[in-house]
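Me: Could you help me see where the words used for a protein structure come from? I would like to go through them one at a time.

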Protein chains: 2
Amino acid sequence: MITVLCGGVGAAKLLEGMCAAFPPEEVTAVVNTGDDDVMHGLYVCPDLDTITYTLSDEVDRGQGWGLSDDTTNVMAALERFGGPAWFKLGDRDLATHMYRTGRLRDGVPLSTVTAEVALSFGLGIRLLPMSDQEVRTRIRLADGAGVSGELAFQDYFVRLRHAVPVAEVRFAGAAEALPAPGVLDSIAAADVIVIAPSNPVISIDPILAVPGIAAALRARRDRVVAISPIVAGAALKGPADRLLAELGGDASVVGVAKWHVAHAGTLVIDQLDNALRDAVVSVGLSCAVTGTVMTSVQVAADLARFAVAAGRLAGRV
Amino acid sequence: MITVLCGGVGAAKLLEGMCAAFPPEEVTAVVNTGDDDVMHGLYVCPDLDTITYTLSDEVDRGQGWGLSDDTTNVMAALERFGGPAWFKLGDRDLATHMYRTGRLRDGVPLSTVTAEVALSFGLGIRLLPMSDQEVRTRIRLADGAGVSGELAFQDYFVRLRHAVPVAEVRFAGAAEALPAPGVLDSIAAADVIVIAPSNPVISIDPILAVPGIAAALRARRDRVVAISPIVAGAALKGPADRLLAELGGDASVVGVAKWHVAHAGTLVIDQLDNALRDAVVSVGLSCAVTGTVMTSVQVAADLARFAVAAGRLAGRV
């Protein structure tokens with residue numbers, strides 16, 4: 001059994017590789033829900049949906065999220081009312097949010113709804129939200145950003161296109177949240193736990209903020225393998241590099257190593273960062289080098305096999 | 001100033017006539033919201049929307065509600081999740097519900113949101129929900145219907161296509177509701193108050209159940225003109241005839257007269273019911289006869305003029 005801690009697009013690609021390399025029914029994905037938000041009354045789970053749509057091969061490959069060939073009739077009709085229009089949702093995508101919102105209103109927990117949606121999209125893996133309770137990633141911008149007070153995550157990420165300096169990230173509600181059913185068991189029982197190449201600050205940290213999850217990882221630290229989302233000092237997608245630097249870390253594989261050292265025994269880095277191997281090891285974890293830029297499902301499958309092998313090896317030592 | 005108490009399709013047609021016969025800015029519509037419901041998390045106001053879409057000439061004339069030439073991409077995508085699919089909403093229609101739901105979540109009262117939606121659709125009249133609080137029409141079916149317990153209104157009206165005998169109708173939340181801002185003033189200040197040819201049981205009674213509205217009508221009873229939704233013993237649309245009979249009344253203009261006699265001084269009936277004129281008068285209100293079947297905006301305008309004239313006349317006596 002393999003458990004993967006996941007954010008959005010990068011995690012979805014890795015999971016595609018996992019499903020190509022291993023029987024999907026042996027894979028559990030524990031997914032960040034700190035990005036979730038309510039838009040026009042609809043409960044939107046960006047990371048869960050990106051993974052679901054990618055694994056069902058219905059994702060819009062161009063943008064990495066949303067459904068391919070989706071129409072935007074609803075959003076076009078919303079324009080007549082004026083108001084903010086920066087959060088775009090396709091018509092078929094909206095159906096997912098409507099189904100989820102209706103079920104949640106009926107009192108069905110998010111983990112159950114997530115399983116129903118995954119089944120409807122034909123997924124073979126087990127998809128778990130990190131928690132059934134609401135945890136909300138909140139962003140406080142740096143003084144120079146011209147925006148005071150905290151922002152909701154999507155406000156920072158989509159509306160401001162994460163192009164503003166961040167002073168602080170916190171996870172509102174995390175202290176009162178519980179891991180969703182199956183999360184702790186999937187970590188405890190896994191052969192290897194992989195931390196996907198997702199943003200450590202805003203994709204993985206929210207998961208670790210749910211009480212019990214970080215401790216469960218630390219208890220299996222030798223079996224925990226993180227894959228760096230930073231390659232050659234830059235994030236492949238999104239603001240991971242900027243956030244690491246702004247929040248006092250390094251925008252490098254060494255910075256990623258420091259971020260994950262408490263709960264991961266191994267860091268997988270790209271060949272482009274081979275020269276930093278010793279620096280990663282000196283942080284206090286094993287370092288394994290391979291190609292991490294998932295340009296195809298084949299590369300993603302190779303990366304998945306490599307990470308799992310590294311974890312098995314580390315666990316055997 | 002003219003105030004019209006309104007349900008859905010019949011009221012929308014009458015209001016089209018009102019706007020053709022009088023300056024729209026002199027017309028206030030007080031609209032039933034007992035039919036409102038939350039579908040997939042979205043707050044739907046069937047009567048308000050039918051009126052808005054009709055007056056903006058964007059209504060689907062074939063079905064009498066929804067938007068013309070609307071697409072159904074979201075509903076089609078919802079089918080993959082299974083579950084009930086009897087409540088159909090077009091894509092552009094959904095945008096209205098999403099806008100409304102988002103605003104309500106922001107704490108904006110329904111009356112304000114309604115005015116915003118009306119403005120976006122270019123309406124000239126003032127459109128008021130009967131209340132900013134939630135009032136829900138609940139239906140208890142007769143023993144023979146094979147369904148025990150109360151039903152939500154849309155469950156009865158749309159899912160069961162109102163083809164089941166009803167034992168009781170009540171308006172949950174009405175006792176705690178307040179008339180929306182402007183409702184009582186619009187009745188007190190109106191030259192004539194018209195009760196549209198809407199279902200007395202499920203379109204007009206919910207409005208009257210909001211504390212203060214029935215009393216405001218009674219105080220102006222000589223100026224209140226009801227238009228019968230029953231013509232020749234049958235409802236033109238919907239279950240008004242059946243409901244009147246099932247709840248102990250008569251499925252005739254005499255039954256409508258009895259239903260409205262406490263708060264209306266005049267009943268307008270169709271020429272087809274001319275023979276029942278004396279029977280209506282014997283109930284205790286004035287009776288005025290004209291063509292009430294609104295086959296065109298011209299007929300609706302004539303009916304609007306006739307009803308207003310009848311109210312002015314009665315008020316002057």
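**Words and the values behind them**

Reply: Happy to! Of the 317 residues in chain A, 56% count as buried. Keep in mind that this is a predicted model.

Me: What makes a residue of chain A count as buried?

Reply: Its relative accessible area has to be under 20%. In chain A, 56% of the 317 residues count as buried.

Me: Why is B:Gln133 called partly exposed?

Reply: B:Gln133 has a relative accessible area of 32%. Buried means under 20% and exposed means over 50%, so B:Gln133, at 32%, is partly exposed.

Me: Where along chain B is B:Gln133, and which residues does B:Gln133 touch?

Reply: B:Gln133 sits in a loop of chain B, between β5 (126–129) and β6 (136–141). Leaving out residues up to four places away in sequence, B:Gln133 touches B:Ala177 and B:Leu178. As for B:Leu110, 23 residues from B:Gln133 along the chain, the two C-alpha atoms are 8.1 Å apart.

Me: How do you know whether the radius of gyration of chain A agrees or disagrees with that of a compact globule?

Reply: Set the two values side by side: a compact globule of 317 residues would have a radius of gyration near 20 Å, and chain A has 19 Å, so the two agree. Along its principal axes, the C-alpha trace of chain A spans about 60 × 45 × 40 Å.

Me: How many helices and strands does chain A have?

Reply: Chain A has 13 helices and 14 strands.

How values were computed. Residues numbered from 1 in each chain as written. Chains lettered and ligands numbered in written order. Predicted model: local features only at pLDDT ≥ 70, side-chain atom pairs only at ≥ 80, totals over all residues. Heavy atoms only, no water. Helix = DSSP H or I, 4+ residues; strand = E, 2+ residues; numbered from the N terminus. Buried < 20%, exposed > 50% of the residue type's maximum accessible area, 1.4 Å probe, protein only. Contact = heavy atoms within 4.5 Å. Rg over C-alpha atoms; globule rule 2.2 N^0.38 Å.
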